[in-house]
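Please consult the sequence and structure shown here.

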Amino acid sequence: MLAVDIESCYYLAFSTLVGLFFLSLFFVQSRKKQVYPKSYPLIGSSLEFIRNRKRIIQWTSEIFDKLSSSTYTLALPLRRNVIFTKDPSNVKHILKIRFNNYHKERIFIEALSDLFRKGLFLSDGSEWKSQRQFFLHDLDPKEFHAYTFVVEEELSGRLVPFLSNAEKTASTIDLQDTFCRFTFDFVCRIGFGFNPEYLLLSMPPTPFADAFKTAVKLSILRFVAGEDLEDKDVLARIVRRAQVSSNQNVEKEIVREIKQKDGRLREMVYTHASIYECMRRFPPIPLYSNEAVEDNVWPDGTQMKKGTSIIYHIFTISRSQELWGSDWADFHPEKWLERRRSGTSNGGDWNFITKDPFTYPVFQVWPRTCLGKEIVVVLMKMVVATILKIFRVIPAPDNFSPHYNSIVVSRMKSGFPVRIIEVIKHSFQFTSMLFVE
């Protein structure tokens, strides 16, 4: 009898909630002035969120244009609000002026803590400061040699032979997956002292790599449901959407610079600018989330309550016409360059121009600037210099059109199929360890 009564209570409670839901859905209007996305009591904008769950980055970016606003609120179930912004002044407020008032979002920490524990990636306050100080020495640009030595070995012993074999066998390879395997190998060598040999001609599965991929997938699925996760890597961003291959003048200029500088990475300014331009168009991490520790007000007047979730949308900031001009959609490394006054029309006559970090927060900003920023850029230049000195990379098929599909980390849906053409049989030495970027 008691069981029947309990079951009846559950039934009545559930039916009442369902009834209230549809009553609010059709007859109760949201009190918010914001007209899009449509929001309802109890469920907020969940219907629009679910409808766009496979393209969250693009959808949340489009909302800025629909509202003609640089800041908006997305209502989620149970009155949980998330504030999105693309205003550089707000980003500066979050990352610098009131840095201590914005910590990692609790739901984000809970989702990833089993895998990453309370490491630097998920820490705040004194714990973050302590761990950051610990990593400063290992990631000091003066220690470049330890990293470049490993990467040079992986390039000559793994990546170049792999690409040469693809050319000899006329095979189509997935360049995104190739870079992922390459990155996994050298990161494991540097970080853990062993080589999992993920990038081999036979492309075999490896238990450690597969286990790590599964762990990352399960952790992120806790945070965001509905994402079709695949391997991500730090080097595939340089070929995002085949930017270099589809811009012949850019490719020619990079190849000319590579040949002229002959491994002197610090002098490869045009290549440096091309990498930054790729990351502007497709930032590796398209958005960052934080949580307000105390009440405060943003520079644009947005009232921030304690515990409010906030997201600064790097993907949208990097595509802002107000910040990057009417040609923001075009791939122009020249956005990052200026001619030297004494320069000529060719040769090393470019100067790299640094941008306001709050309009280009790809690497975060002080005091939370990415510790590996300098090393990552040098390693990418090493890979670019090696590949484009020896090979040509051709999208396959010729009319290939990549699709951006990301929630947590940028990637190309279905990979990046390419054909490899070997143009020169020659090896050269890098001198990157002699310089600091």
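Is Lys 335 buried or exposed? Lys 335 is buried, with a relative accessible area of 14%, where buried means under 20% relative accessible area, exposed over 50% and partly exposed in between (1.4 Å probe, protein chains only). This is a predicted model, in which local features need pLDDT of at least 70, side-chain atom pairs count only at pLDDT 80 or more, and totals for chains, interfaces and linings use all residues. Residues are numbered from 1 along each chain as its sequence is written, and side-chain values use heavy atoms, with hydrogens and water left out.

- Glu 277 and Lys 335 form a salt bridge (3.8 Å, N to O), defined as a side-chain nitrogen of Lys or Arg within 4 Å of a carboxyl oxygen of Asp or Glu.
- Glu 277 lies in helix H11 and Lys 335 in the loop between helix H13 (321-324) and strand S9 (337-339), so the pair ties together parts 58 residues apart in sequence; helices (H or I, at least four residues) and strands (E, at least two) are DSSP runs, numbered from the N terminus.
- Glu 277 is buried, at a relative accessible area of 0%.

**Salt bridges within helices**
- The structure holds 15 salt bridges.
- In helix H7, Glu 154 and Arg 158 lie four residues apart; their side chains meet in a salt bridge (4.0 Å, N to O), and both residues are buried.
- A salt-bridge network links Glu 153, Glu 154, Arg 158, Arg 189 and Glu 197.
- Arg 181 and Asp 177 pair at 3.0 Å, N to O, in a salt bridge; Arg 181 is buried at 10% relative accessibility, whereas Asp 177 is partly exposed at 21%.
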